[in-house]
Structures are given as C-alpha cells and as structure tokens.
Amino acid sequence: MTPTKKKKQVKAKAKPKAKVKTKVKKTLKTKPKPEPKAKPARRPKARQFVKMQAVGNDAIVLDCLKTQVANPSHMAKKLCNRHTGIGADQLMLLTKSRKADFGIRFFNPDGSEPGMCGNGIRCIARYVKDWGLSGKKQLTFETTSGIKPVTIRGKMIDVDMGEPRMKGK
C-alpha cells in the first residue's frame with residue numbers, strides 16, 4: 001500500500017457523516033365521522049312510585065300532590081299488568097283535597113275507577129305517615145265515595161268505612 005492510499009482511506013474515515021434529518025410523520029388513525037343521529041324521541045320524566053300491600057292486596061302508590069297524571073286510567077292498565085308492568089291489584093293516586101287532609105283516587109288493573117278500597121286507604125295512610133306528609137294521628141281522606149276518617153296508632157291503622165250500602169231489589 002502506498003502512503004497516499006492510506007491517507008485517502010484515513011481521510012475517508014475522518015470525514016464526518018452528514019446527519020440525515022428525518023421527519024417521522026405520525027399518522028393518527030381517525031375513525032370516519034359518524035352520520036348525524038336523529039334526535040331521540042322525548043321521553044317523559046320518570047315518576048317515582050311506592051308499591052305497598054295490606055292483607056294481601058298490593059297497590060302502586062303515586063304521590064300526585066305536586067304533579068298530576070295525565071291519563072290515570074291508561075297508566076293503571078300499563079303499570080298494574082303483572083307481565084309487562086310493575087304488577088298490582090290497583091293504582092292509587094294521593095292528591096290534594098279541599099274537603100279533607102288528602103284525596104285518593106283508586107284505579108283497577110282494567111282502568112276502571114272504584115269508589116274506594118279499605119286496604120288501599122290503609123296503605124295511603126301509612127305512606128303519609130312514613131314520608132312525613134302529616135304528623136296527625138287522625139286523618140281524613142276524600143274518596144269518590146265520601147270522606148273516610150283514619151286513625152293511626154303506632155303500626156295499626158284503622159279506617160272507618162261507614163255503613164255498608166247494598167243495592168237491593
């Protein structure tokens with residue numbers, strides 16, 4: 001080897017390598033934009049209920065002191081159904097009254113409105129007591145068959161149903 005060749009080789013080794021700048025493009029995996037969804041149908045606000053029972057009769061109690069039910073007969077058919085609804089013997093609405101402490105409306109599972117139900121009044125009286133709606137021991141409830149007095153003694157609730165009225169021939 002000749003000295004010139006060595007110098008060339010040394011010179012070649014001594015040359016700094018050029019720095020190569022590389023740009024790394026970050027590709028974000030973007031999902032295709034979803035098509036605009038149709039606005040969902042406006043759902044009514046959920047209503048709270050209490051399910052109670054007295055002597056085997058079960059009932060759904062709705063507190064309607066502040067808000068009313070638009071179609072209680074239809075609601076009774078839906079809610080009282082034991083297969084597709086909550087399931088109950090009746091739907092009871094606790095309402096305001098001008099003649100008594102509270103008012104009650106009863107609805108059977110078929111949507112009909114009976115005059116009253118003794119066990120149902122006992123459930124409503126217990127509801128009024130438990131939820132602190134009244135501290136009275138003697139309450140009155142207005143029903144479609146008149147005003148019914150109720151006495152609360154601890155866990156015992158007595159309803160004065162009045163004289164039975166029978167339709168005769």
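Author: A residue is called buried if its relative accessible area is under 20%, exposed if over 50%, and partly exposed in between, with a 1.4 Å probe and protein chains only. The model is predicted, so local features need pLDDT of at least 70 and side-chain atom pairs pLDDT 80 or more, while totals for chains, interfaces and linings use all residues. Residues are numbered from 1 along each chain as its sequence is written, and side-chain values use heavy atoms, leaving out hydrogens and water.

The protein has 3 helices and 7 strands; these are DSSP runs, numbered from the N terminus, of H or I over at least four residues for helices and of E over at least two for strands. Along the sequence they follow the pattern α-β-β-α-β-β-α-β-β-β.

The 7 strands form an open sheet with mixed pairing, in the order β1-β2-β3-β4-β5-β6-β7; two strands pair if DSSP finds at least two bridges between them. Because β1 (50-54) and β7 (156-159) each have a single partner strand, they stand at the edges, and one side of each is left without a neighbour in the sheet. On average, neighbouring strands are turned by 30° against each other, direction ignored. Axes here are lines fitted to C-alpha atoms, for helices over the stretch in contact, and angles run from 0 to 180 degrees between N-to-C directions.

Within the sheet, β5 pairs with strand β6 (residues 146-153) in the antiparallel sense over 6 bridges. Thr140 has Pro149 in β6 as its bridge partner.

Two helices pack on the sheet, where contact means heavy atoms within 4.5 Å. Helix α2 (residues 72-79) touches β2 (57-63), β3 (90-95) and β4, and its direction makes about 135° with that of β3. Helix α3 (residues 118-130) touches β1, β2, β3, β4, β5, β6 and β7, with its direction at about 130° to that of β1.

The whole structure contains 2 aromatic pairs. Rings of Phe, Tyr and Trp (its six-membered ring) pair if their centres lie within 6.5 Å; planes under 30 degrees apart count as stacked, over 60 as edge-to-face and the rest as tilted. Phe102 and Phe141 form a stacked pair, 6.0 Å centre to centre with 25° between the planes. This pair links distant parts of the chain, 39 residues apart: Phe102 lies in strand β4 (residues 102-107) and Phe141 in strand β5 (residues 138-143). Both Phe102 and Phe141 are buried. The tilted pair is formed by Tyr127 and Trp131, at 5.7 Å centre to centre and 35° between the planes. Tyr127 is buried, with a relative accessible area of 7%, whereas Trp131 counts as exposed at 54%.
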